[in-house]
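Hi,

Here is the structure I promised to pass on. Have a look, and my notes follow below.

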Amino acid sequence: MLLSPFDLGPLALPNRVVLAPLTRSRHQDQVPTDLAPTYYAQRASAGLLIAEASQISGMGQGYPATPGIYTEDQAEAWDRVTGLVHAVGGRIVLQLWHVGRVSHSAFHDGAPPVAPSAIAASGQAMTPDFQMVPFETPHALTTDEIAATVRDYRHAARLARQAGFDGVEIHAANGYLVEQFLSSGSNQRTDAYGGSLDNRMRFLDEVTEAVLAEWPAERVGARLSFGAGTNGVVDEKPQETFGAVAERLGQAGLVYLHGIRPNEQMGSAGSNAGLDAIQLMRDHFGGAVIANAEIDRAEGEALLTAGTADLVAYGRPFLANPDLPLRFAAQEAGLGAPLNEPNPSTFYGGGAEGYTDYPIWDGLASD
């Protein structure tokens with residue numbers, strides 16, 4: 001099943017293996033570097049590449065050396081990435097990102113990060129020099145600032161199209177800005193954007209409408225983590241909230257939902273651990289479902305066979321194995337093809353090491 005084709009809207013995917021969006025913190029001044037085209041093209045045998053989260057504005061940044069998609073220079077750099085991916089036969093979409101309160105004033109010339117409410121995230125922020133410090137209390141966005149942020153999403157979506165992407169993914173997971181609005185614990189507003197579930201979904205509704213003004217729905221997806229509790233974002237009724245969110249995005253016609261299960265890497269294994277995020281999407285969303293988070297080849301096959309998911313996204317295994325679909329095919333054929341182990345010391349920051357130098361499988365040498 002993992003190696004079988006799948007039609008994702010207008011995109012004919014040769015297999016169901018997806019590269020999960022992976023922040024690598026290797027860009028300069030929020031512009032993708034010259035290594036980025038190679039990194040993505042190496043992994044273009046995936047059915048679909050989801051490029052790393054890219055901030056829709058300067059205020060959307062919360063981690064060092066991450067890329068943006070709000071200037072012409074950024075779009076031109078991303079165009080070099082999509083051009084090479086397409087040249088080798090791949091398909092790639094871009095994840096649109098705003099971290100909200102999961103940031104620090106060091107990224108914003110001393111201004112505090114922003115959020116729906118003035119409630120600090122739990123845990124620590126990472127500064128531009130990769131230091132860990134306590135999260136600050138964010139500035140609660142005014143209604144005018146919310147409207148401006150929605151416009152930023154539309155502008156970023158337009159630039160993503162200009163940069164040659166095959167689609168975009170709205171990042172509404174991991175405790176970032178969209179999920180901060182959705183969740184009752186982080187959204188304590190008393191205006192039209194807070195209180196009732198409909199009000200808390202209003203920001204996502206407006207962001208989705210803005211993105212769909214630039215892209216057809218058949219080329220737009222969304223990522224959700226369904227109450228995983230990441231970065232201290234919690235909801236009193238996650239099953240009700242995120243079931244409604246999935247239905248709303250289905251009504252908007254989005255082509256896929258990309259779900260992340262609670263897991264230890266997200267620091268959220270104990271938060272709503274009994275909630276089956278992937279099944280919740282399948283139950284409430286009529287489009288394609290992408291399953292993600294600590295799924296190996298065998299479980300991926302099982303999810304597809306059961307019909308729970310249509311595609312499976314791999315993060316660290318794809319980071320360390322740029323030819324992951326080929327290795328899966330070789331394993332299925334009984335040819336071995338063990339997976340390279342990822343090197344955590346090279347996950348964030350640095351250059352080619354741990355980024356573009358992982359070896360591909362040499363079948364002859366392995367015999």
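R282 sits in helix α8, residues 277-284 (helices are DSSP runs of H or I with at least four residues, strands runs of E with at least two, numbered from the N terminus). Bear in mind that this is a predicted model: local features need pLDDT of at least 70, side-chain atom pairs count only at pLDDT 80 or more, and totals for chains, interfaces and linings use all residues. Residues are numbered from 1 along each chain as its sequence is written, and side-chain values use heavy atoms, with hydrogens and water left out.

R282 is partly exposed, at 21% relative accessible area (buried is under 20%, exposed over 50%, partly exposed in between, with a 1.4 Å probe and protein chains only). Beyond its neighbours within four places in sequence, R282 contacts G287, V289, G307, T308, A309 and D310 (contact means heavy atoms within 4.5 Å). A309 is 27 residues away in sequence, yet the C-alpha atoms of R282 and A309 are 7.3 Å apart. The R282 side chain also reaches the backbone oxygen of T308 at 3.4 Å, and a polar contact of 2.7 Å links it to the side chain of D310 (a pair of N or O atoms within 3.5 Å; within protein, one must be able to donate a hydrogen and the other to accept it, and residues adjacent in sequence count only if both atoms are side-chain atoms).

Then there's α7: P238, T241, F242, G243, A244, V245, A246 and L249 are buried there. Their cover includes α4, α6, β11 and α8. After α7 comes G253, with a positive phi near 90 degrees.

Cheers
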